[in-house]
Amino acid sequence: MKTLSRLSALLNLKVKLMMNANIIFAPVFALVLTGALRILYGNIAKGAIPEFMTQLLLNIGLSFNIGMTGVFLISAMVAEEKENNTLRVLMTSSVTAGEFFFASILPPFAVMAAVNLLLIPISGIRIVGVNLLIYLIISSVAGFISCMIGMTIGIYAKNQINASTLAMPVLLIITMIPTFASFSPVLDQISEYLFVGIVTEMVSQMILTGVVSLSLKHTLVLLGEIILVSIVFRMAYNRNGFEKD
């Protein structure tokens, strides 16, 4: 019961922190960008947007939502708590590192999943034509990896400015490369080894063909990246862990 009470209090704190105007823009940006591009492409096409273009819009929205909500939002939240000494107060209380970790990831992860669903109609794709269960599972795998990266950056960062500086290169890689992969053979090859790139490719298959297939190569890449980011997070925790702030 005490654990549930602490988790409830932490979740309330995290939700309030997440609603900070400087942070919550991350998932909102993905929605606004996708909607704006749909209007732009609609004006250019002067009619119905081709199916391949709506699929591209969804992939752009997914890339930015997974990257910005997972990496930017979470790292900024953790860095802000460190900057305001909130983290130190929490860790000197009865709150455990596991409880703090769970509470830090859950609200942004939930927002990310909700935005991923909203991106379907905003991009112009009919929801009835999408297997929502598979879509959520695929995007959630990438979302979890992104959240772990955000937590790692947040632990290393000394303040919000430092967190933004560290997050920006990562954010550019995991959003720009999958977005422009279809325009460059080199970027397309690199995208196959990025978790966001694998997700956008699978979503494209699901929308254009109705069939989703996860190759052994992609499976190994996703598992490898989950293991890698977990190891890096553990190293960051051991060196700059919650209790040490």
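**Figure 1. Ser204 on helix α9, in a predicted model.** Here we zoom in on Ser204, which sits in helix α9; keep in mind that the model is predicted. Ser204 is buried, with 13% relative accessible area, since anything under 20% gets that label. Once neighbours within four places in sequence are set aside, Ser204 has contacts with Gln55, Asn59 and Thr209.

**Figure 2. Helix α3 against helix α9.** Helix α3 covers residues 51-83 and helix α9 covers residues 195-209; they pack at about 150 degrees, with 10 Å between their axes. The two helices are therefore roughly antiparallel, the label given to angles over 145 degrees. As for handedness, α3 goes past α9 in a right-handed crossing.

**Figure 3. Ser63, a buried serine of helix α3.** Next up is Ser63, placed in helix α3. Is Ser63 buried or exposed? Ser63 counts as buried, because its relative accessibility is 0%. Its side chain reaches back to the backbone oxygen of Asn59, at 2.9 Å. Apart from neighbours within four places in sequence, Ser63 is in contact with Ile174, Thr175, Pro178 and Thr179, and also with Val196 and Thr200.

**Figure 4. Helix α3 against helix α7.** This view puts α3 next to helix α7, which spans residues 160-180. Their axes come within 9 Å and cross at roughly 165 degrees. That crossing makes α3 roughly antiparallel to α7. Here, too, the handedness can be read off: α3 passes α7 in a right-handed crossing. The α3 and α7 contact includes 15 nonpolar residues, along with seven polar and two charged ones.

Figure 5. Staying on helix α3, we come to Gly70. With a relative accessibility of 0%, Gly70 counts as buried. What does Gly70 touch, leaving aside neighbours within four places in sequence? The contacts are Asn65, Met112, Ser146, Cys147 and Gly150. For Cys147, the C-alpha atom is separated from that of Gly70 by 4.2 Å, although the two residues are 77 apart along the chain.

**Figure 6. Helix α6 against helix α9.** Back to α9, now with helix α6 (residues 132-156) as the partner. The axes of α6 and α9 come within 10 Å and cross at roughly 170 degrees. The pair is therefore roughly antiparallel. On the α6 side, the contact is made by Ile134, Tyr135, Ile138, Ser139, Ala142, Ile145, Ser146 and Ile149. On the α9 side, look for Phe195, Val199, Met202, Val203 and Met206. The α6 and α9 contact has 11 nonpolar and two polar residues, and no charged ones.

Figure 7. Thr34 lies in helix α2, residues 21-45, and is buried, with a relative accessible area of 1%. Not counting residues up to four places away in sequence, Thr34 touches Leu57, Gly61, Leu119, Ile122 and Ser123. Ala114 lies in helix α5, residues 97-122, and counts as partly exposed at 38% relative accessibility. Between the C-alpha atoms of Ala114 and Leu136 there are 9.5 Å, for a pair 22 residues apart along the chain.

**Figure 8. The whole chain, for orientation.** How many helices and strands does the protein chain have? There are 10 helices and zero strands. Of its 245 residues, 47% count as buried. Among contacts between residues at least 6 apart in sequence, 78% join residues at least 24 apart.

Methods:
Residues numbered from 1 in each chain as written. Predicted model: local features only at pLDDT ≥ 70, side-chain atom pairs only at ≥ 80, totals over all residues. Heavy atoms only, no water. Axes fitted to C-alpha atoms, helices over the stretch in contact; angles between N-to-C directions. Helix = DSSP H or I, 4+ residues; strand = E, 2+ residues; numbered from the N terminus. Parallel < 35°, antiparallel > 145°, perpendicular 65-115°, else oblique. Left-handed = near helix turned anticlockwise from the far one by under 90°. Buried < 20%, exposed > 50% of the residue type's maximum accessible area, 1.4 Å probe, protein only. Polar contact = N/O pair within 3.5 Å; in protein donor to acceptor, adjacent residues only side chain to side chain. Contact = heavy atoms within 4.5 Å. Nonpolar A, V, L, I, M, F, W, Y, C, P; charged D, E, K, R; others polar.
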